[in-house]
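Please keep the sequence and the coordinates at hand while reading.

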Amino acid sequence: MGTMVVGFRLGWDRKGRQATVVLTQAGVLHHSSGLLGLAARPARPHAPAGPDPHPVPRQAAILRRLYADRHGQGYTRELIPPACVRLDTEERPLHSRPWGEHAPRAHPELIAEFTGAAPAATGSLEDALTAFYTAIGLTPRSRAVGPPGAPPAVREALRGLAEGRTLSSRPRRGAGWTVTGTGVRLHVGRVGEDLSPGEVAELQVALTAWLRHRQAPRTR
């Protein structure tokens with residue numbers, strides 16, 4: 001019968017590392033990490049908190065967060081883009097109390113089969129999750145990407161953040177910024193500093209005022 005899974009593998013070229021995360025139809029998150037080009041080391045899986053009547057959507061939210069977090073940490077190359085795959089490997093049954101001594105064990109065969117079976121075509125995490133929900137008989141959960149009246153550029157930026165991508169300024173004189181789902185960072189040369197949510201709000205107000213000031217009619 002096999003197992004339906006959804007997952008991805010990301011690479012951090014500068015440090016030569018890779019990270020893989022796979023979510024199964026039982027709601028178990030499997031992780032592995034290691035050096036690029038070498039066998040990845042599986043970690044202890046993350047089982048849903050029991051009893052949980054809706055484990056997959058809750059674990060999918062964690063999958064989204066991990067995808068965004070890894071991108072923010074430097075894992076920006078998609079070695080295996082997000083994909084939904086049916087594996088031949090049978091998922092190990094979960095204990096009714098899947099923690100402590102009954103916590104699920106690492107399943108390297110499942111991760112290895114995913115990395116071998118995942119298609120090479122690119123795709124978004126939301127598309128992969130939609131296919132996964134459909135395959136296991138759940139109603140896909142749509143994610144809003146901004147109000148209908150938002151400008152196209154804003155909607156596209158919101159979509160990128162929802163998919164875990166990093167938004168960044170064009171390189172210029174060593175200064176710039178990056179925005180991820182987890183934060184905003186300013187760069188000056190080789191120095192960078194993360195802004196707090198309050199500072200981001202203040203910056204947004206100042207930039208909005210500046211843009212409107214520039215667009216206002218000039219009088220001589």
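A nonpolar core is here a set of buried Ala, Val, Leu, Ile, Met, Phe, Trp, Tyr and Cys residues joined through side-chain atoms within 4.5 Å. The model is a predicted one.

**Exercise 1.** Describe the largest nonpolar core and state which elements give two or more residues to it.

Solution. The largest nonpolar core has 21 residues, and those with the most contacts inside it are V6, F8, L23, L29 and L63. Two or more residues come from each of β1 (3–12), β2 (17–24), α1 (55–73) and α3 (125–135), and α1 gives the most, with six residues. Another core, of nine residues, lies apart from this one and includes V5, A83, V85 and L110.

**Exercise 2.** Determine how the buried residues of α3 are placed around its axis.

Solution. Begin with the buried residues of α3, which are L125, E126, A128, L129, F132 and Y133. Because they cover an arc of only 160 degrees around the axis, they lie on the same side of α3. The face turned away from this buried side carries the exposed residues D127 and T134.

**Exercise 3.** Classify the packing of α1 against α3.

Solution. First, take the geometry: α1 and α3 pack at an angle of about 160 degrees, with their axes 12 Å apart. Next, since angles over 145 degrees count as roughly antiparallel, α1 and α3 are therefore roughly antiparallel to each other. Their crossing is right-handed. Finally, at the contact, V56, P57, A60, L63, R64 and Y67 in α1 meet L125, E126, L129, F132 and Y133 in α3.

Note on methods
Residues numbered from 1 in each chain as written. Predicted model: local features only at pLDDT ≥ 70, side-chain atom pairs only at ≥ 80, totals over all residues. Heavy atoms only, no water. Buried < 20%, exposed > 50% of the residue type's maximum accessible area, 1.4 Å probe, protein only. Helix = DSSP H or I, 4+ residues; strand = E, 2+ residues; numbered from the N terminus. Arc of directions from axis to C-beta. Axes fitted to C-alpha atoms, helices over the stretch in contact; angles between N-to-C directions. Parallel < 35°, antiparallel > 145°, perpendicular 65-115°, else oblique. Left-handed = near helix turned anticlockwise from the far one by under 90°. Contact = heavy atoms within 4.5 Å.
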